[in-house]
Amino acid sequence: MNTANTVFLIIAAVLVLMMTPGLAFFYGGLVSKKNVVNTMISVFIICSLAIVLFVAFGYELCFNGNVAGIFGRVQHIFLSGSDLTKVVLKEQGITAASYLLFEMMFAIITSSGPRWAGCGSTFYWSSSSSGQCWSTTPWSTWSGGVADS
């Protein structure tokens with residue numbers, strides 16, 4: 001394990017995580033005064049749901065091989081039985097746990113992307129479900145990648 005690379009990866013993950021409140025304030029500025037709090041809260045709820053979904057099966061979809069070269073396969077729901085201390089990026093010395101944290105930050109930011117299309121005009125659940133589909137689909141179709149190399 002390379003400590004410098006791991007620290008850099010965690011710092012980068014924290015910087016991406018700090019984009020979430022900025023995104024909520026940005027979307028809050030796009031709506032009328034009466035919808036600001038609703039829009040900001042929905043961004044945080046969508047992002048927290050993305051965390052649960054990524055830990056539940058998103059990481060496995062992306063880094064656990066594939067089915068017919070199209071979709072990833074899930075063997076460990078909620079990372080049960082996964083070895084998070086295993087070094088997944090051999091040249092850089094990055095462990096699975098730190099790489100999981102890094103990739104999860106992008107799943108968080110990606111999930112709230114479709115929210116801007118319905119700021120103040122759509123129901124929460126429709127924007128939430130579209131956000132989760134938008135967040136999960138790229139992870140499931142990019143199966144293989146780093147873990148298979």
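User: Which element gives the most to the lining of the largest pocket?

Analyst: That's H3, with three residues; helices here are DSSP runs of H or I with at least four residues, numbered from the N terminus. This is a predicted model, where local features need pLDDT of at least 70, side-chain atom pairs count only at pLDDT 80 or more, and totals for chains, interfaces and linings use all residues. Residues are numbered from 1 along each chain as its sequence is written, and side-chain values use heavy atoms, leaving out hydrogens and water.

User: What makes up that lining, by class?

Analyst: Six nonpolar, four polar and three charged residues. Tyr59, Glu60, Phe63, Asn64 and Lys86 lie nearest the centre of the pocket, among 13 lining residues. H3 and H4 are the elements that each give two or more residues to this lining.

User: Why are H3 and H4 called oblique to each other?

Analyst: Their axes cross at roughly 130° and come within 9 Å, with H3 spanning residues 36-63 and H4 residues 96-111. Under 35 degrees would be roughly parallel, over 145 roughly antiparallel, 65 to 115 roughly perpendicular, and the rest is oblique. So H3 and H4 are oblique.

User: Which residues of H3 and H4 make the contact?

Analyst: With contact meaning heavy atoms within 4.5 Å, H3 brings Ile46, Cys47, Ala50, Ile51, Phe54, Val55, Tyr59 and Phe63. From H4 come Ala96, Tyr99, Leu100, Glu103, Met104, Ala107, Ile108 and Ser111.

Terms used. Axes fitted to C-alpha atoms, helices over the stretch in contact; angles between N-to-C directions. 1 Å grid on protein atoms, 1.4 Å probe; cavity = no way out; pocket = protein on both sides within 12 Å on 5 of 7 lines; lining within 4 Å. Nonpolar A, V, L, I, M, F, W, Y, C, P; charged D, E, K, R; others polar.
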